[in-house]
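Subject: Structure handover

Hi there,

Here is the structure I promised to pass on. Please have a look at it first, and then read my notes below.

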Amino acid sequence: MLNVQVQAYSGAGARAVERCDLLGLPPHSSVADALTRTYLTPAHKSAIVQTSHWMREAGMSARTDPAGNLIGRYEGLHENAPALIFGSHIDSVRNAGHYDGPLGIMLGIECVAMLAQAGQRFPFAIEVIAFGDEEGSRFPTAMLTSRAFAGTAPVDALAICDTDGVSVHQALGEFGLDPVAFFEARRDPNSVIAFVEAHIEQGPVLEAEDLPVGMVTGIASQLRYRATLKGMAAHAGTASMNLRSDALTAAAQCVLAIETVGGRLPPDLVATVGRMVVIPNAPNVVPGEVRFTLDVRAGSQEARNRAADDICAEIERICSERGIESLVEQMLDLPPSPCDPQLSATMLAAIHACGVHPRPLVSGAGHDAMILSSLCPTTMLFLRCKGGISHNPAESVDPADVQIAAEVLLEFIHRFAAEQQETNLGA
Ligand code: HGY
Ligand code: MN
Ligand code: MN
């Protein structure tokens, strides 16, 4: 039954965008005038209930795994067939755009809906997964639930606490999941064939080259740290400038030093301080303590590590000169993740077959695909986004590009099925 060619019906792209926009609003967001949806919150729960409804409507069964990942399944030609998995993350950064994550989930649902409508099934099942925590917006780590799925979650995962002191263990219980079962989300590698993630590029390349989609060759490596600087809180009116142990001016000097190191070669090296907490954060108190995050990335692990080492040394030098106590803790280490060459060739051929110039490109942003690559071969399809803007409510995609992406993914499925059949015949 592999020869039935299924065309993406014309509404697929527009519906995928509409659904992402719907998920951008309360109750699927925890704030009224923007999108913030973090792991194991009521907004997360509401979004997976709505998405599970769309999965069932498309012809899938839907379940939530012990880590809070939503898993839709479209059965193959025989029971318990291993799965070709589509998906991305359903959590968001704070004040997010609507498409970073959910678009890959909605495109997977559209593909299954079209296959189901055509009554087409394969020797493999197709699954669509909404990973619960990719951004790390709530807990001080990231990719927690795709790591649970891949069996690489940290052993102390349940003890990690958010800024309110709520542990993953407690949050799982409040979400209605059994915290003790969290690690049972680990997927049997024999039940998975490959992972396909469609995602907005979050960069300028496809727009600059006027291309709707591109194929990802690999994902940059990423380090995340938590820095704590301790000085001494003092009265803003009486503490003379030369006698202060001001944690915030020390942090400010560190942030500028981080910017300098991040600006060095290679060009894909980046370093960011995205979150800073000033304690006690009062206008008439010299800040006694400052905590900030540090995110360092580069295509090569060596360049990333060299920059991170230099940054940590700079933080230590600046703080010791200022008499400030500093602690820099590594919270996440994601090595570079190449996509599978065979799947990449199939994705490029699918793009070409859909009339689009096949454009390979590297991802500076991290994705669940970099975690899944320890479990199975992966490939990614990038979609053009306006101005390359992301992690910003101005994030925007053209439904016509999303329609093309749906057609490419369907073409990919057919080519993948034919290749699987050849491999099995050849076996
Ligand atoms: O940070 C990233 O690259 C992704 O958006 N989590
Ligand atoms: Mn993303
Ligand atoms: Mn993101």
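In these notes Ala, Val, Leu, Ile, Met, Phe, Trp, Tyr, Cys and Pro count as nonpolar, Asp, Glu, Lys and Arg as charged, and the others, Gly among them, as polar. By those classes, the shell around ligand 1 holds four charged, two polar and one nonpolar residue.

A word on the source: this is a predicted model, in which local features need pLDDT of at least 70, side-chain atom pairs count only at pLDDT 80 or more, and totals for chains, interfaces and linings use all residues. Residues are numbered from 1 along each chain as its sequence is written, chains are lettered from A and ligands numbered from 1 in the order in which they are written, and side-chain values use heavy atoms, with hydrogens and water left out.

**Ligand 1**

The residues around ligand 1 (a heavy atom within 4 Å) are Glu-134, Glu-135, Arg-224, Arg-297, Ala-365, Gly-366 and His-391. Among the polar contacts (pairs of N or O atoms within 3.5 Å), a polar side-chain atom of Arg-297 lies 2.5 Å from a ligand oxygen. The side chain of Glu-134 has an N or O atom 2.9 Å from a nitrogen of ligand 1, and the side chain of Glu-135 has one 2.9 Å from a ligand nitrogen too. Taken alone, ligand 1 exposes 210 Å², and the protein buries 95% of that (accessible areas by the Shrake-Rupley method with a 1.4 Å probe).

**The manganese ions**

Donors here are N, O and S atoms within 2.8 Å of the metal (3.2 Å for Na, K and Ca); water is not among the atoms, so sites may look incomplete. Which residues hold the manganese ion (ligand 3)? Its protein donors are Asp-100 (OD), Glu-135 (OE) and His-391 (NE2), lying 2.1 Å from it, with the spacing D-x34-E-x255-H along the chain.

His-89 in strand 3 and His-199 in strand 5 (residues 192-200) are 110 residues apart, a pair that links distant parts of the chain. Strands are DSSP runs (E, at least two residues), numbered from the N terminus.

Where do the two sites meet? Asp-100 coordinates both the manganese ion (ligand 2) and the manganese ion (ligand 3), which are 3.4 Å apart.

Best wishes

Note on methods. A polar contact is a pair of N or O atoms within 3.5 Å; within protein, one must be able to donate a hydrogen and the other to accept it, and residues adjacent in sequence count only if both atoms are side-chain atoms. Helices (H or I, at least four residues) and strands (E, at least two) are DSSP runs, numbered from the N terminus.
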